[in-house]
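Try each task before reading its solution.

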Amino acid sequence: MSLQEYRAKRDTTVSGEPTGDADARAEREADARFVVHEHAASTHHYDFRLEVGGVLASWAVPKGPSTDPREKRMALPTEDHPLDYVGFEGRIPEGEYGAGAVIVWDTGTYENLTTNDDGEIIPTQDALAAGHVVFELDGKKLEGAYALTRFRSGENEAWLLVKVDDGCADARRRPTSTQRESVLSGDTVDDVADADDA
Ligand code: MN
């Protein structure tokens, strides 16, 4: 868990993104946060991020999360992001890495539910290293358990983000279509993209 790749990829004085310099590095498993960014970059996608080990472990999810347990959503790992990226919204300027509008599509806390064969909780960081983590989200749009599972390793590492079939599962909801507003500002990613320069 390191921000080296995050920093190497961007000039935060130009992009307006958090530097990560002020991060608390302590593990905060008890009230660990998650965020789902909607990111209108050259290819529109969502970024799913879980707080673990003092950073935000991150995946790009092209179609975004589903509330339907039958929907397996591709999740491609990206560089760890600083904790204060949880609240980042804005428009990354043209020419910068990830240029385009970003909103906080959902955020909240999560609880790690990953267990070993004896039913004991495995720390989130260990679960991620092993390629399978189960967690319960307490967000504004997303609730209940989800699983992230690595199905391909190496250069083209890829995971699946799937809703666990629990009381919060709902095959009819389409929150990425029907609940497009930022949970922080109320703006859609189009509002941010169309906003005049400050
Ligand atoms: Mn992104």
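**Exercise 1.** Decide whether Asp-190 is buried, partly exposed or exposed in this predicted model, and do likewise for Arg-180.

*Solution.* Start with the cut-offs: buried means under 20% relative accessible area and exposed means over 50%. Asp-190 has a relative accessible area of 38%, so this residue is partly exposed. Arg-180 comes to 28%, so it too counts as partly exposed.

**Exercise 2.** Find the contact between the side chains of Asp-190 and Arg-180, and say which parts of the chain it ties together.

*Solution.* The two side chains form a salt bridge, with 3.1 Å from N to O.

**Exercise 3.** Which protein atoms are the donors of the manganese ion, and how are their residues spaced?

*Solution.* Look around the ion: ND1 of His-39, NE2 of His-45 and OD of Asp-47 lie 2.1 to 2.3 Å from it. Reading along the sequence gives the spacing H-x5-H-x1-D. Now check burial: His-45 and Asp-47 are both buried. Asp-47 also has a salt bridge to Arg-49, with the closest N and O atoms 3.6 Å apart, and Arg-49 is buried as well.

**Exercise 4.** Where in the chain are the salt-bridge partners Glu-79 and Arg-10?

*Solution.* Their side chains meet at 3.0 Å, N to O. Glu-79 is in strand β4 (residues 72–81) and Arg-10 is in the loop between α1 (4–9) and α2 (12–15), 69 residues apart. Both residues are buried.

Methods. Residues numbered from 1 in each chain as written. Predicted model: local features only at pLDDT ≥ 70, side-chain atom pairs only at ≥ 80, totals over all residues. Heavy atoms only, no water. Donors = N, O, S within 2.8 Å, 3.2 Å for Na, K, Ca; no water. Buried < 20%, exposed > 50% of the residue type's maximum accessible area, 1.4 Å probe, protein only. Salt bridge = Lys/Arg side-chain N within 4 Å of Asp/Glu carboxyl O. Helix = DSSP H or I, 4+ residues; strand = E, 2+ residues; numbered from the N terminus.
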